[in-house]
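Notes follow, in the order I looked things up.

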Amino acid sequence: LHALQIRGAGPVPLAIVARQPMREGPGPDSVVSVISSDVPDDPYEVLPEIRLARGRRAIKKVALFIVAGLVVGVISYGWSQWRYLQKVNPSGDPSAATTFEVRENDDLLIVSERLEAAGIVVDGGTFRRYVADEGGLTVVPGFYTLRPRDHMGNLLRALRTSPAETFVKVTFPEGFTVSQMAQRLADEIPGFDAEAFMARALDPTSVPGTSYVPAGATSLEGLLFPDTYSFAVSEKPVQILKRMVDLMARVGRQEGLDDAPTLLGLSPYEVLIVASLIEREAKVAADRPKIARVIYNRLTLGMKLEVDASLFYGQDPQSEFAALKAIDSPYNTYLRNGLPPTPIANPGRASIAAALAPAPNPRANDPICRDIPANSPCAYLYYVLIDEDGNHEFSATLEQHEANIAIARERGVL
């Protein structure tokens with residue numbers, strides 16, 4: 001037997017095809033042809049090989065399709081992983097450290113979006129994925145020191161460190177001067193360089209992006225917003241100053257300080273000078289707008305301001321008042337007309353608001369206007385501390401003012 005070899009299959013038995021001898025029979029023919037004459041003479045001839053060419057082509061196409069799909073998948077996965085790693089660890093060196101605040105009620109989504117908006121991470125979604133892959137993050141409100149475009153592993157590590165371990169809360173009361181702020185920082189932050197802080201504060205050009213500073217200013221006095229801050233123990237003086245001037249700019253915009261030229265005919269910096277005078281003079285909230293009105297009235301009339309607090313700026317606080325009145329300094333408002341050259345302290349929000357919205361002058365029927373001639377304006381021009389609670393008495397004439405001074409002395413206030 002021969003076998004028929006079919007591609008792709010095993011041997012297939014081939015039937016023997018032969019011409020059989022003719023047998024006599026009852027029919028008229030002497031021979032019965034078992035196989036037609038087309039059968040080859042060789043009884044053991046192998047039939048031609050059967051080719052399955054069409055089937056093989058189909059198999060090849062399927063195989064190529066599968067391989068191509070695998071290649072595309074591998075390339076796509078590699079590309080996505082490369083992009084992911086580029087976002088996790090951006091090219092180049094990280095930027096200088098900055099302070100990032102996590103606020104109350106922030107969650108990972110909000111934190112990641114704010115990190116992206118601040119330029120600290122390249123993509124907030126990638127940061128969330130990275131955090132999930134690394135075991136998650138418990139969001140704790142507070143301040144954190146982060147380096148923009150740093151590896152997300154470093155950022156996550158910083159955000160997992162409790163702010164209490166790396167930050168110190170420092171409170172600056174309204175009316176603190178720059179020198180008082182420097183001392184407070186030195187008292188609260190171990191190893192803080194108060195001298196470097198003062199050197200920067202006396203050179204406004206060394207603190208980038210400072211708002212409201214006029215040309216030629218030699219101090220940041222009046223431009224550092226007094227508040228409670230959380231400072232990293234590693235923060236440099238210039239970084240602390242930057243945060244404080246930025247907050248003053250934000251509060252100023254909120255209170256309308258940029259509109260000062262239209263509202264009052266003064267620059268924003270001049271309004272801050274007025275606000276600093278109010279801050280050091282006023283003891284109760286109700287007096288702030290009236291003190292502002294006294295200052296503006298005196299400026300309008302060309303009167304000397306005669307603000308006691310200005311005499312003490314830059315002087316020994318234990319100095320005698322009479323001695324300070326005799327010193328001819330730019331801050332002696334008893335000897336010089338107009339505003340002092342700089343703020344005398346760092347004012348808070350309430351004093352800034354009062355400087356921008358002074359109280360109206362008294363009505364004609366107000367008791368302090370009784371000595372004012374008819375058809376003459378009645379204006380607040382004087383005030384004096386009148387009781388131990390810090391209230392001031394306001395008057396429109398010098399005679400009224402002197403009478404109020406006598407009352408204050410009788411009460412032991414002056």
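I started with α10 and α14, which are oblique to each other in this predicted model because their angle is neither under 35 degrees (roughly parallel), nor over 145 (roughly antiparallel), nor 65 to 115 (roughly perpendicular). Helix α10 covers residues 268–281, helix α14 covers residues 349–356, and they pack at about 120° with axes 8 Å apart. Helices here are DSSP runs (H or I, at least four residues), numbered from the N terminus. Axes are lines fitted to C-alpha atoms over the stretch in contact, with angles from 0 to 180 degrees between N-to-C directions.

Next I listed who touches whom, contact being heavy atoms within 4.5 Å. From α10 I got V271, L272, V274, A275, I278 and E279; from α14, S351, I352, A354, A355 and L356. By class that contact has 9 nonpolar, 1 polar and 1 charged residues (Ala, Val, Leu, Ile, Met, Phe, Trp, Tyr, Cys and Pro are nonpolar; Asp, Glu, Lys and Arg charged; the others, Gly among them, polar).

Then I checked α7 (residues 194–201) against α8 (residues 237–255): about 50°, axes 9 Å apart. That makes this pair oblique. On the α7 side I found A196, F197, R200 and A201, meeting P237, V238, I240 and L241 of α8. The class count is 7 nonpolar, no polar and 1 charged.

Last, confidence: mean pLDDT (the predictor's per-residue confidence, 0 to 100) is 87, and 87% of residues reach 70 or more. Residues 12–37 fall below 50, though the stretch has 27 contacts beyond near neighbours in sequence.

Bookkeeping: residues are numbered from 1 along each chain as its sequence is written, and side-chain values use heavy atoms, leaving out hydrogens and water. As a predicted model, it needs pLDDT of at least 70 for local features and 80 or more for side-chain atom pairs, while totals for chains, interfaces and linings use all residues.

Conventions
Helix = DSSP H or I, 4+ residues; strand = E, 2+ residues; numbered from the N terminus.
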